[in-house]
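Reader: I have a new structure to read. Can you take me through it, feature by feature?

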Amino acid sequence: MEKNLLLAVTLSVGVYALWFGLVEKRLAPPRPAPSMPAALSPRSPSSSQNSPAKPERAGLEAEAEILALGKTQARVHPLGASLVSYRYEEPLGTVELIEDPQPGFLAAWPELRFKRNRSAPGVVYQAARPDGVKIIKEFIPESEGRLPRLRLTLLNQTRKPQQTQAWSLSLGPGLGTIASESAENHKVWRALALKDPGAGLKGKIEVLKPGNYQGPYRWVGIDNRYFLAAVIPDFKDFELVESRWPPQIILTAKSMALEPGQSRSWELPFYVGAKGHTWLSRYGAGLERSIDFGFFAQLGRMVLQILNFLHSKIGNWGWSIILLTALLQLALFPLTYKSLKAMSAMKRLQPDISRIQQKYGKDPQRLNAEMLELYKKHGANPLGGCLPMLLQMPVFIALYNALRNAWELHGAPWIFWIKDLSAKDPYYILPLVMGGLMFAQNKLNPPSTDPSQAAMMTWMPVIFTFMFLRFPSGLVLYWMTNSLLSATQQLLLKKRFNS
């Protein structure tokens, strides 16, 4: 039978191997769909992308008009009245979210040149189709608890019936990000949608590969690790969602008849910005579901909510993580107490275990029976020391995903040199201190009678230290605090169990 220490090491290595497989694995970017010639029509908002010579961003921005959409500075280009620049203010600077301005975000009728109607209240652009149908495109700013909206209106100014035609609206291609994430940005790009379950917002997130989709969806959009661009269409009015690579979403509206003098309007709430769970959840549209909390998603959201609550009281994310760790240790103390008691009993039984192993080493069946009888007689449990660690692993993974993906912690400082808890420690001080605490904690555990097991336990803190060097410093802070509190508990209870 394996000893407690060997089992603990085996389980921890197994859990970490699983973690690297599930959490650290990055999906390879989908292959681009075979290129097809696109006609220059209202149904092909990205058709200008296929032209051999694309205008440079500087030229497009020079012709665009600067607008303040909430706290964001945007630029609207006359062609399609599309957004060709969207500069988002973040804690560490400014990030350009529109990576490719062709055809621009929220582009519709990109072959038409729109003009700003300055006599109309708000931000209104107008254009006329060759058939005489007037197009009005209005940007409505965000209000309290309500997303910004794009209102599109078609007015038949002619004397005969006209069709609205199957016009389209696009987001993408691609989405910008902060400088520290630029190297892997293209690897984490996604086109995605929240399925409509019929009631509530508990639908499933669907990653859209290149192709056509019918919906219905609560929302569709593109994202990366920290940012999201999404629209919330009414699928009674839209017949098709097309996904392209690089990630681009194209919504195609249903065609309908317009009598002379008749108008038809479509209002589409949209969001372009950071994936902050705190404020995305306030819109009630399920946009917060775009944050990838991994396998333990529900636990990750709960961890972030607790951290948000602690931060609202303390005002510092680092101290909030430390307090969260202390609360977790307090909640697990009854189990930790039993675990340490079991480990102490195992330590006292080491001579008897060695004797039984020497006596029945060649008879595995008898060896197991004698060991079980010994454990039963003395109330020892070889698995007792592993349970607290196993229960903390889901929290560890959930906290990793919260720190890695939730915008609230981006650029959040702790003290001194730790300026961003979602980034690695620039001087590797926290991982080294954590490794030292793990080494000291191992010294408090019962020594193994097997030299190979003892050597493995000695090297585990070194292995973990190297693993944690590039982890978010907030996660290292959590594990370091956890090791410190665990070692303190062992020291305080050691005399009690040895008496």
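Author: Start with helix 9, residues 364-378. Arg366 and Glu370 sit four residues apart in helix 9, so about one helical turn separates them. Helices here are DSSP runs of H or I with at least four residues, strands are runs of E with at least two, and both are numbered from the N terminus.

Reader: What should I know about the model itself?

Author: This is a predicted model: local features need pLDDT of at least 70, side-chain atom pairs count only at pLDDT 80 or more, and totals for chains, interfaces and linings use all residues. Residues are numbered from 1 along each chain as its sequence is written, and side-chain values use heavy atoms, leaving out hydrogens and water.

Reader: Which contact do the side chains of Arg366 and Glu370 make?

Author: A salt bridge needs a side-chain nitrogen of Lys or Arg within 4 Å of a carboxyl oxygen of Asp or Glu. Arg366 and Glu370 form one, at 3.0 Å from N to O.

Reader: How many salt bridges does the structure hold?

Author: It holds 23. Some share partners: Arg57, Glu61, Arg75, Arg87 and Glu96 are joined this way into one network.

Reader: Which residue forms a salt bridge with Glu65?

Author: Arg116 does, with the closest N and O atoms 2.7 Å apart. Glu65 is in strand 1 (residues 65-69) and Arg116 is in strand 5 (residues 115-116), so the pair links distant parts of the chain, 51 residues apart. Glu65 is buried, because its relative accessibility is 18%. Arg116 is partly exposed at 24%.

Author: Glu65 also meets Arg118 in a salt bridge, at 2.9 Å from N to O. Arg118 lies in the loop between strand 5 and strand 6 (123-128), so this pair ties together parts 53 residues apart in sequence. Arg118 is exposed, with 62%.

Reader: Which residues make the nonpolar surface patch?

Author: A patch takes residues with over 30% relative accessible area and no salt bridge; like charges are joined within 9 Å, nonpolar side chains (Val, Leu, Ile, Met, Phe, Trp, Tyr) within 5 Å. Here Ile314, Trp319, Leu323, Leu327 and Leu330 make a patch of about 460 Å². Areas come from the Shrake-Rupley method with a 1.4 Å probe; for residues, only the protein chains shown count as cover.

Reader: Which helix gives the most to the patch?

Author: Helix 6 (residues 317-331), with four residues. Trp319 lies in helix 6 and is partly exposed at 40%.

Technical notes:
Buried < 20%, exposed > 50% of the residue type's maximum accessible area, 1.4 Å probe, protein only.
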